[in-house]
Structure formats: C-alpha cells, structure tokens
Amino acid sequence: MTAQVTLKSGEKVKINDHVYCSPPWSVRDGTPYSVARIMEFLPPEGAGKGKGKGKEIYTRVRLAWYYRPSDVSDRPVADSRLLLAAIYSEICDINQLRSRCHVLHRDKITDLAGWKKRPDRFYFNRLFDPYIKKEFDVIQATDVRNLPENIRQVLTSRYEYVVAEKDVVPDLTDTLRLCATCSEWCANPDTVGCDRCKNFFHMSCVQPPLLAKPSRGYGWTCAPCSKRHEEEVDKHDVRHPTPITKPKSNAPAPRGRGRPRKDRSLAEKEENVEIKYFKMWPFRYFGQYTVAEDTLDPDDLIFPRSATRVGPKYQATVPNTLDVPSPSDPGQRGGDYTVEVLSAINTLTDEEIAELEAWKVVLSRKQEKLHNVDWLTEALRRFTQAHLLNRGWSTVDMSVIPTRPEKWKKGETRHTDREWTAEEVTAFEDGIYLYGAELRAIHDEIGTRSMAEVVRFYGHWKNSRLKEENAQIRAARLKAKEEGKDEVPSATAAVADQFSDDEGSVMPGLSRHNNSCGACRTRESENWWRAPKGLVTDILCDTCGTNWRKYADLNFRTVREDAQPPSKKGSDKREGTPLNGPSTKRVKTSTSASVNATPPPNAPMAPQLRCLACQKNGPVGKVLRCNQCQFRVHAASCGVHVDKSAVESWMCDICQNEETLESSMHTDCLLCPRRKSKKKVQFPNADSFLRASKPTEGQGWAHVLCAVFTPEISFSDVSQLRLVEGISTIPKQRWASKCTICGETSGAVIRCSDCVREYHSSCAWRKGHHFGFEIQPVRHPRRDGIITTFKGETGNMVPIVCCQEHENSRRELYDVCETDETGETALQVYCRIYKQAPVTQAHALLRKARRLDQTLNIRTDGTSSADVSAEPALQCDMCSTQYSPAFYPSENYSGRWRCHKCHFEHRNGVGAGHSPDDSLSPLDDMMEG
C-alpha cells in the first residue's frame, strides 16, 4: 500500500504527487512557492523505520525540484505555467508542503490552452542541470526509434522520458539507421551520412576509413555517388532535380491556440496518467555523450554529461627526457620540509600556563580578538619564539607588527583584518538587505574589501545578531517567569508554528479604505497578503497574492509618480514594477536549516535608486538622480563626480545646459537618425539611459552610449566624458548604410559582433540588444596594442554589441556598470585607456583641423593635398607673405599674386602696410583708375 500523508490544508498526497513547497514567509523573504515531486517519505533523522503498516511516522520528505525559467536565466518568460525539470533532489521538512498541483510533459497535454486556464496546472518540455548550467530537451522515450530493439525496449520499459541536446533529438527520433556496408546499427558519434544517396556508414567501414567527421557546413558523399557525379559532370548531363512540393490537402488544419475544448473527462484522464519511474526518476540522459549500451546497465548514471576535458587538447603532452636526471626526492610528507610549525612547545608548568593566560589577556584591549582564530594562531607562534629564545612572555607585543610570514606565501599577510569603517558596514548591511547571503554580490556592492574579508565579517556579523536575538529570548523568558507563567514559547516553536500555513504572510485587520494592492491597485479584498520587496505598497490582494506565490506572476498597473504615497517617495522605483525585481529563486533548505535557522534581522532600509543603464539598485551617491528630470544612472557610467553635499541637487548635462546655455538647445544625438515627427519632443525621455548625453566639440549633442560604442569617437576629458570629438572621421559608408531595426539611412551605424547586421546604437539599445565589454587575450603585447586588466583578466578591452538572437554566445561580457576591485566601471576603464583624445599634442581647434584634413584627403575625388603641396608656394607681391586664407591673381601682372588683405585694401583704396619695393607704380595707379 502506497504511503499517504495528510497536509495541514487537508489534502492527501502520496509518492510521485506534485506539490507546492516553501518555508515560512520570514525565511523565504517574499519568494514564490517552489514546485516539486514527492520521491519518498522519510522518518525523523536518526530514527528507525516503524514496524507494521500504518505505524510509520514521517517528518521529512525527499523532493525532486522543478525550476522556473526566471530561476536560471534573466530572459523574460511570459508563460507563468512553464517549468524546467531537473535531476536534483533535496530532503525537506514535511511541514513545508503547502498544497497539491499537477505537472505534465507538453506532449502529454492535448489542449494546452485549456490546461493553463485551470488552477495549479504546470507543464515542462526542457530540463535544466544545475551542475553544468545547461538546458536540454525532454522527449518521450517512445519517440526514440533510432536504437537497436533490445536497447530501445530497456529504455522504454524503465523511463518515461529521455533527456538529450537539441541537436541530437532529430537523430534519436529518426528511423533505425543501418550501415550500408555491414548492416549494423550506426551510432551517431561514429556515423557519417552521404548527402546524395542518404545512406549511412560507419566511419571505419568506408574506404579509406574516415578519421573524423566533416566540419560543420561541409558535406560528404560515398565513393559510388562521388564517381557517379564525376561522370555526370564529364558528360555535361547534370540536371538539378525539381523540388518536390507537398500537395495541398483538404483535411482541416490541426487545432491550434483557439478556444479550448471543454472536455473535463479528458483533462482528468491526463492528470491521472501513469508515469514510469526507475529508481524514483522518470527520465535519464541519452544524448551526445552517452554510449547506447550503457543503458542496459541498471546502475548507469542518468545525469546529463558534458564534453570531457581529458586529452592533449586540454593537458600538455610532455615527452620523456632520458638525458635529464630525475629530481631528487623532496622527502616524505609530514616532515619539516612540508609542514609549517606553529608551536614547538610540548609541555608547560602550571605557573607558566597561568602567566601565559594572564599575559594573553593583556595583549589586546578588544575582547573579540581573544576569540579570533587568526589572532590566536599568531600569538601562539610569537609566544613560541619567545620561549625558545629564553625570553619572558612580556616581550611579546601584537600591536607592533600587524603582519605575519607564512611558509607557502611570498609576502607577509595580516593576521587580523583592518577595521571596517562605518561606510563599509552600511554598504554591507545594504547588501544583506538586497541580496541576502549572496556574498559575491555583497562584495561587489562594497568594492573595497576582498572576498575573504567579506566572508569573515559576515560570520562575525551573523553571530552578533544571533547573540542579540538570544539575549532578547532570555529576557522574555525571565520576564514570563516573573509574571508566573509556566511555559514560554521558544523561537524554534514559533518558527515551527509558521510551517502549518501562511499566517506569517497574511495581513489581518486591514481596512479597504487605507490600503491598495501593490500590483493591481485594487482596494477591495477579503484577505491581504504581504508583498515582495519593491512594490508601490507592501501588501497584495487575494488574487495577486495567490498568483505571486503559486505562479510567480504579478499583473502590474502603472501608477503616476506624483500619485504615490509620501512615505514611499524616498525609495525611488520604476512605476508599477518591483524595486529590485524580487528574486524568484528557490531557497535551498534542509530539515535542520528550516527549523533552527534564524533569518537575518530586518535592517533599516537604506534609500536605493535603480540605474537605467544596468537596471540594478544602488545607494544614493553611487546612483544619482537628476533634481529636475528624475533621470537615474550610476555616476561612474556617466562621467560624473559629485560631492556628497551636492548629491541631492545634481542635474544631468541636458538639464544643466538649460541654465548655462553652453551648447545647443537642440539635444538630438548627432550619431542617430534625424526623424521627422509632428510632435515637438525637445529632450530625450528621462526613463531611458539614452537621456545620458554629452556635448560635442561643435556645441551639439551625442548619446554617451553612441559615443562609447562608436570606434572613431574620442573624448577631450574621459573622466567627465566631455567633449565628444571625431564625428567627422566616421567613414561615409557608415552614414549611408540602412539600419536593420528602424530602416533609416541617416545616422552612423555599427555592426553586430556576431553577425553582419548593422544598426544604430540607440536603436539597438531600445530593441534590447546586448552591450558590454570583452577582454580578448593577446599573444604579442607589443604588436597587438594597448592591454589592460579588469577583474583579474588581462588583454585587449573591446566594446561588444550583439543581437538578442545571440544569447547563447560564448562571449563573457562585462556590463556597462560592472565594477572591478577599485570601484571603477568597465565603461570608465575602456574610455580611460582607449577613448582619450591626444590633448597634450595639440589644442582642440588644431585637432579638429587635422581631422578635417584627413577627411578631405579620403573623400575628395579631385586634387588631393599631396598634389597641392607639390605646387610652388604662393607669395604676395605686396607684403611678401606666404600665409593667407586665399590668394588672388594680380590684375596688372600675370604670374603675380596678392594675399587676401592686400587685395581688398588696394581694391577699396586703402593703403596697406607693405614693403616699398612692392609698392604700386604710378602706371599701376593710372591703369586702376
């Protein structure tokens, strides 16, 4: 008889049922429920199984998890009922089970639209492996036909589904492939197919044998087909076959996404369909790196696999050297050569121990150091040195030298971390509030501490919080005893009570007049639920609360910023959307952690602003907000340096130009197309990063994004990203090319880094294409140009723009606002190294003139500057100057020239200051009169 368990909600669940699972609201911190399948029920940890049927006590359950697409990727998925299966399980407390749901494979659902309209229904068609971070297709085992009959029978009798790569699925579902030479089954890794006769061959059966498959994009033909083709070419009798078109059919089209069929019996039959399980799993991996015969082994691993990294491609092949003598034996492990001695003292008398302990307390005034492992290790080492040198314990001083040598490191390291400043502690607590225990994100938020220091400080910080909570619990117990109460509920019992239902997330006693849902803005609801962080209000109505917990879906309704309550105005947010995009990732829990773990205390909420460039939150000061247009951006990504006192009054460049009038009031980007619109939109939208614009050398404007990702552009001052130079050096064909997004032929286009598409930078940003920077390795540093180091990676820093379709690209891009250890963003590093104009070589006007000269040399079809330089230099016959904007031929003498000044002065009858030798003769005056 299958074991059944009754949940707190009254539902009965058994093995292989799908359920919602979640810890209490205080632990999961606003994340939705997780969906899982019950694999088995387990007794309490350390207890044996009960004897007899029905006498077992189950307190734990093993669950096979499903992931939501938002858990594993940042790509938006509109379907809230779509899940990703996983071959991953955990043991959780049985009180974490909420209610029952239904999950089916897509191919087993007849009417998908009707399935999704019913509550608590999910489906999947892909699998995500959390270890290799890769997605696979999931197909039914009965659809696999390209296998020997004995292997196929074993596969279909044990498993319901097969997991494979997307490229392998067509080969698995094809008909049985037999070698045309030996008539044996052709396994995909060792098989090659002829492009003409469509037969398959073992690579070892063809003559000569093939050592490798043809490269991607190339075909292969067998010997008979190749010979037949050569004969046809020699006879000039080659005819291209006429493509066979599929005849039209009068049969009705298959039922698509129309109105769902109201067949409740069919839906109930699909819910109760029997699924085969083998060792508690319904699927196994059968992809590119699987040997088909291994399926017959019942103990074969079912997990997805990746390419091996063993072989000469990844490991160096070192030849054996006979002439070089082998190195001497370094000695046995555990000797003085391999062990770092921390203390050489074996025994001490009672008086020496008492004196040692007394002096150890005197070494530091801070009591926390007396319990620090690193500090105690260094103190022990120094006491040992003093004892071996027959010195007293009083000669040891820990405050003189804060570092200590280590045998396996070249330099000395600190035995204790330096004191954390108030700003660093505030940044750490803000990171805890935003990211929880994700210490990598907290390390990036702080920016001035190493990862090891952050980990150590997190341990001390958490222990201090637990100490405060334990003190409060002891004080409450003492107060209860004084009042005469016999029992006092402990913190563990309070946490255990919250497992029964969601009473920790229900907001009782709220009236509808003063409350509104943070998603749909309704004011009427039977029950109010706590909302995830970052919404307009901190409550959700009954419908939105249920949709968020079960389906991780919220239907937002936009709200004007001036209509928001005053209490929420300090926490800047995008209208109607979560502040930090509440994480939907499942909280990893276990039995011990779910019951005994204490959540971090509610730290005071620091004001946060969301950057429009990276869509991430940051504290005020790192993220600035324009005092006039409310534009928000990381200061480092816009070339802004503001004092702390002027953060609140900061204005963007466009708003500041309205007061100073230093540049043009027409703020359209010079690198973008000039669109004609009936609406007079004078300034860019403040809700987009394209609001960030900088003045050019000609008092025009250019987007920071366009200027940075256009290779010919440079800046006069890269620290402030001003002024934009070099627009005239962009090639003419880039201005004439058609944008593949907007279709305009005006504006300078850039090309995708992974394909041949060309588009404007602003169009690509609006379309959602990827912008970032890539560190490309350098083989020859002197020849390959300037190299830099960013986050430990060294090479050429290259700006990359790629289409949305290239999401699976292997490029590792650094975001525009991503910072390194020094707090400098990737955009700052790139501009500082590659975008600085040569201001020390020439002033701005001369640099512009040189660029114009280069432009004229390239684009002029007639006489170039080289031809002009070959002519003799002209000289004024009156003042003997060789420099003039223009020279004019003399009206009286052929072959003589006059400069611009002398020509117009003599023409107007004004005496010019020229030499007496070149003065006009009376005859000249008579001729001109």
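The model is predicted, so local features need pLDDT of at least 70 and side-chain atom pairs count only at pLDDT 80 or more, while totals for chains, interfaces and linings use all residues. Residues are numbered from 1 along each chain as its sequence is written, and side-chain values use heavy atoms, with hydrogens and water left out.

**Stop 1: helix H12**

Glutamate 468 and arginine 465 form a salt bridge, with their closest N and O atoms 3.8 Å apart (the term covers a side-chain nitrogen of Lys or Arg within 4 Å of a carboxyl oxygen of Asp or Glu). Both residues belong to helix H12, residues 451–483, and they stand 3 residues apart, about one turn of the helix (helices are DSSP runs of H or I with at least four residues, strands are runs of E with at least two, and both are numbered from the N terminus). An α-helix has 3.6 residues a turn, so residues three or four places apart point the same way.

**Stop 2: salt bridges between separate elements**

The structure holds 35 salt bridges. Select arginine 62 and glutamate 40, whose closest N and O atoms are 2.9 Å apart in one of these bridges. This pair links distant parts of the chain: arginine 62 sits in strand S5 (residues 60–67) and glutamate 40 in strand S4 (residues 34–42), 22 residues apart. Arginine 62 is partly exposed at 23%, and glutamate 40 is partly exposed at 23%.

Next, select arginine 196 and glutamate 232, where the salt bridge spans 3.8 Å from N to O. Here too distant parts of the chain are linked, since arginine 196 is in the loop between strand S11 (191–193) and S12 while glutamate 232 is in helix H6, 36 residues away. Arginine 196 counts as partly exposed at 41%, and glutamate 232 does so at 26%.

**Stop 3: a charged patch**

Select Lys134, Arg216, Arg309, Lys313 and Arg810 together; they form a positive surface patch. A patch is made of residues with over 30% relative accessible area and no salt bridge, with like charges joined within 9 Å and nonpolar side chains (Val, Leu, Ile, Met, Phe, Trp, Tyr) within 5 Å. Lysine 134 belongs to strand S9, residues 134–140, and its relative accessibility of 37% makes it partly exposed.

**Stop 4**

Most residues other than glycine have a negative phi, and most peptide bonds are trans. Go to the bond from glutamine 207 to proline 208, which is cis with omega near -5°. Proline 208 is in the loop between strand S12 (200–202) and helix H6 (223–234).

Then move to leucine 721, which is not a glycine but has a positive phi of about 55°. Leucine 721 is in the loop between strand S24 (714–717) and S25, and is buried at 2% relative accessible area.

**Stop 5**

Is arginine 549 buried or exposed? Arginine 549, part of helix H14 (residues 542–551), is buried, with a relative accessible area of 2%. Its C-alpha atom is 9.3 Å from that of tyrosine 20, although 529 residues separate them along the chain.

Select helix H23, residues 900–907, to find its buried residues: Cys902, His903, Glu905 and His906. Glycine 909 follows H23 and has a positive phi near 80°.

**Last stop: the whole chain**

Zoom out. The protein has 24 helices and 32 strands, and 37% of its 929 residues are buried.

How values were computed
Areas by Shrake-Rupley, 256 points an atom, 1.4 Å probe, with all protein chains shown as cover. Lys, Arg positive; Asp, Glu negative; His and termini not counted. Charge placed at Lys NZ, Arg CZ, Asp CG, Glu CD. Buried < 20%, exposed > 50% of the residue type's maximum accessible area, 1.4 Å probe, protein only.
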